[in-house]
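I opened this model to look up two things.

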Amino acid sequence: MKAMRAIRAQALTVMRAGALAAAALLPWAATPATAQEWRGWNIHAADYPNGQGLDRFGQLVMQRTNNRIRMRTYHSAQLGQQDEAIQQMRLGSIDFGNFNLSPFNNLAPSTNVVTLPFLFRNVAHLHAAIDGATGEEIAKDLEAIGIIALAWYDGGARSVYATRPIRTPADMRGLKIRVQTSDLWIDLMRALNANPTPLPFGEVFTSLQSGVIDAAENNFPSYESTRHFEVARFYSTTEHSNVPEVLAVSRQRWQRLNEQERTILRDAARESAALQRQLWAERERVSRQRVEAAGVTVIEIADRTPWSSLMEPVYAKYAATPRLAGMVQAIRALP
Ligand code: GTR
């Protein structure tokens, strides 16, 4: 009898060990009954630094919650364009995602500050601001509209690209240029006497091709990955904005998490941002190489003073309140 029990116990142990091993190999095999399914939004392809960052975030959360929270990122704007995705995050029908901060400009005032032209001296300066007090202010404004900011991704330096060479601000006159949905962006382009048109990211290629627009502006990785470089052959390194991006969760979901889960998500988000930033720096270099190899003319803007000196009205309008003006001042004062 005793021997039988011992054999049965042994068999159970072996079976349990087998099940555990299988669970380690197949995370879904260990899905607890109360598992939550989270849907994530990404505008870019899965292999883009942001896509890889989001996937890392999802994997870490799944592992550390023992599959209680299962995350799946829908890449390449499968869940819609950015403005719609933001609305869905607010309503809770998308659970997490990575967003540029400019599409929040009309909704969350402090996001305007980090969109402002020629504000950051370099990437280290941007990180000092966004990982510190500036990021905290922005997180407050985002929370008020239903978005919980967990970490900040790099968005790179945005520059103008066009179907004709742009060398000076005078070349911008009358240029039909695509901008993100943001009043700041419209005024920024108007300050350069250009003709801004807000359009979703996904419509830029065909709009350039058909002549609806002559130009757009973005970092090298976006210019390259979307193949906009095939239809707008001149990239001018104006580097007029370094607006960063957020890795965020819908407040609807966040409110239902306990403290331990929140810590897991925050840590995973920070780790995913570290990965994205590392991949980003490399991708900026590679994307530039790729477009140059494809015959794009990169026009180096050596002196940006003629550009930045026209930006006074944008600062006057979008850093007008004491709070926002104070944020600009604090950023400028950072070492
Ligand atoms: C990219 C950014 C996207 C989107 C896009 C755009 O650099 O990563 O989230 O904002 O620019 O211009 O619409």
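**Cores**

I looked up the nonpolar cores, taken as sets of buried Ala, Val, Leu, Ile, Met, Phe, Trp, Tyr and Cys residues joined through side-chain atoms within 4.5 Å. The largest has 59 residues, and L101, F104, L142, M172, M189 and V246 have the most contacts inside it. Helix 7 (residues 183–191) gives the most to this core, namely six residues. At least three residues come from each of domain 1 (30–155 + 243–284) and domain 2 (158–242 + 286–333); the domain bounds are from an automatic or database domain assignment.

I note the basis here: the model is predicted, local features need pLDDT of at least 70, side-chain atom pairs count only at pLDDT 80 or more, and totals for chains, interfaces and linings use all residues. Numbering runs from 1 along each chain as its sequence is written, and side-chain values use heavy atoms, with hydrogens and water left out.

I then listed the contacts (heavy atoms within 4.5 Å) of M172. Leaving aside neighbours within four places in sequence, M172 touches V160, I166, I177, M189, L192, N193, A194 and W307. A second, separate core has 20 residues, among them L60, A268, A269 and A273.

**Salt bridges**

I counted a salt bridge where a side-chain nitrogen of Lys or Arg is within 4 Å of a carboxyl oxygen of Asp or Glu. The structure holds 19 of these. For accessibility I used relative accessible area: buried is under 20%, exposed over 50%, partly exposed in between (1.4 Å probe, protein chains only). Helices (H or I, at least four residues) and strands (E, at least two) are DSSP runs, numbered from the N terminus.

I took R304 and E239 next; their salt bridge is 3.5 Å, N to O. R304 lies in the loop between strand 11 (297–299) and helix 12 (305–308) and E239 in strand 9 (residues 234–241), so the pair ties together parts 65 residues apart in sequence. R304 is partly exposed at 26%, and E239 is partly exposed at 34%.

In E230 and R227, the closest N and O atoms of the salt bridge are 2.6 Å apart. E230 is partly exposed at 39%, as is R227 at 42%.

I also checked R288 and E292, a salt bridge with closest N and O atoms 3.5 Å apart. Both lie in helix 11 (residues 259–293), four residues apart, about one turn of the helix. R288 has a relative accessible area of 25% and E292 one of 37%. Elsewhere, salt bridges with shared partners join E137, K140, D141 and R323 into one network.
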